[in-house]
Amino acid sequence: MASETRPFLKMNGLGNDFVVWDAREKPLRLSPDVVAKLGDRESGIGFDQMITVERSSLGVDAFMRIHNRDGGEVSACGNATRCIGRLLLEESGKDFVSIETNAGLLHATDAPGPRSITVDMGVPRLQWDEIPLAEEFADTRAIELQIGPIDEPILHTPAAVNMGNPHAIFWVDDVEGYDLERVGPLLEHHPVFPEGANISLAHVFGENEIRVKVWERGVGLTRACGTAACAVGVAAARDGKSGRKSTVHLPGGPLGIEWRESDGHVLMTGLTEVEFEGEVDLDTLAWRRTAEGDAPLEAGAAS
């Protein structure tokens with residue numbers, strides 16, 4: 001029997017990278033083990049998340065299924081939503097598309113500048129049992145959690161926000177001043193987070209300007225995490241560290257975040273990129289490039 005070969009797109013949002021499958025006409029379900037093998041940066045294609053675009057049960061433009069590099073399925077990924085939003089906008093010619101996810105219905109529109117997309121990420125969940133946390137906290141702007149010695153903790157009292165997945169944000173003076181690769185896994189799996197958590201270090205360095213470094217649940221250190229940027233923007237506004245509009249600077253680049261006062265929705269704006277097209281033999285997992293992606297943007301084109 002001949003092996004099955006399926007085409008894919010390799011995309012990224014500020015370096016947060018994805019393999020994207022179109023499964024609207026021909027369904028595709030891969031085991032967590034296969035996802036992890038394809039996601040391996042040494043032996044596979046390499047990615048932070050695998051995205052499967054499927055038919056929506058709600059009759060909207062598409063359903064987006066998300067798997068982390070470790071093979072586990074998750075509910076939300078902001079940068080992937082921008083990438084899928086771009087594809088659906090270009091394909092349909094519409095100026096507004098709706099994407100069903102396990103975290104709810106999200107909406108994408110074009111933003112000023114080439115390849116820039118705005119996604120309405122919905123309303124943040126701020127109550128302890130919505131995030132969720134393992135115990136009740138009256139104020140999730142700063143929960144009781146620390147790592148390191150009791151009298152001199154390394155990190156402590158993070159803000160907690162759910163933006164489709166759980167986030168903990170530690171306010172620090174220097175995001176590079178901590179070994180996030182060491183403490184990230186400990187915090188991701190801390191008992192206070194029954195579903196795990198994305199861990200962010202955040203520093204406000206100017207008016208509505210925030211620098212962030214992220215340990216992503218099921219992925220590790222990442223160049224960008226859209227839901228983390230949204231969570232940081234919300235946490236900063238809740239604590240008076242910034243206004244409701246901020247620019248969150250990640251290692252991969254900036255994201256514009258607005259926590260809209262009129263309805264409480266969070267809007268995220270940033271660049272997207274198609275790196276290349278490829279195909280994978282699903283029996284052997286051998287893969288190859290079949291076409292190159294976007295041409296480089298001219299300096300200043302994205303502004």
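Which strand gives the most to the lining of the largest pocket? Strand 1 does, with 4 residues. Welcome to a short tour of the spaces in this predicted model, where local features need pLDDT of at least 70, side-chain atom pairs count only at pLDDT 80 or more, and totals for chains, interfaces and linings use all residues. Residues are numbered from 1 along each chain as its sequence is written, and side-chain values use heavy atoms, with hydrogens and water left out.

**How the terms work**

- On a 1 Å grid over the protein atoms alone, a cavity is a set of points where a 1.4 Å probe fits but cannot get out, while a pocket is an open set with protein on both sides within 12 Å along at least five of seven lines; a lining residue has an atom within 4 Å of a point.
- Grid points are joined across faces, edges and corners, and a volume is the space filled by probe spheres set on the points.
- Ala, Val, Leu, Ile, Met, Phe, Trp, Tyr, Cys and Pro count as nonpolar, Asp, Glu, Lys and Arg as charged, and the others, Gly among them, as polar.
- Helices (H or I, at least four residues) and strands (E, at least two) are DSSP runs numbered from the N terminus.

**The largest pocket**

- This pocket holds about 260 Å³ of space.
- Its lining has 14 residues, and Leu9, Val20, Trp21, Asp22 and Arg24 lie nearest the centre.
- At least two lining residues come from each of strand 1 (5-13), strand 2 (16-22), helix 2 (78-92) and strand 19 (273-281).
- The lining is made up of 8 nonpolar, 1 polar and 5 charged residues.

**The second largest pocket**

- Here the volume is about 180 Å³.
- Among the lining residues are Leu14, Ser116, Thr247, Pro254 and Leu271.
- Strand 17 (253-259) and strand 18 (266-271) each supply at least two residues, and strand 17 has the largest share, with 4 residues.
- By class, the lining has 4 nonpolar and 7 polar residues, and no charged ones.

**The cavities**

- The model has 2 cavities of 30 Å³ or more.
- The largest cavity contains about 40 Å³ of space, and its lining includes Gln49, Asn68, Glu216 and Arg217.
- That lining divides into 2 nonpolar, 4 polar and 2 charged residues.
- The second largest cavity has a volume of about 30 Å³ and is lined by Leu28, Arg29, Leu30, Met50, Thr52, Arg65 and His67.
- Strand 3 (49-54) and strand 4 (62-68) are the elements that give two or more residues to the lining of this second largest cavity.
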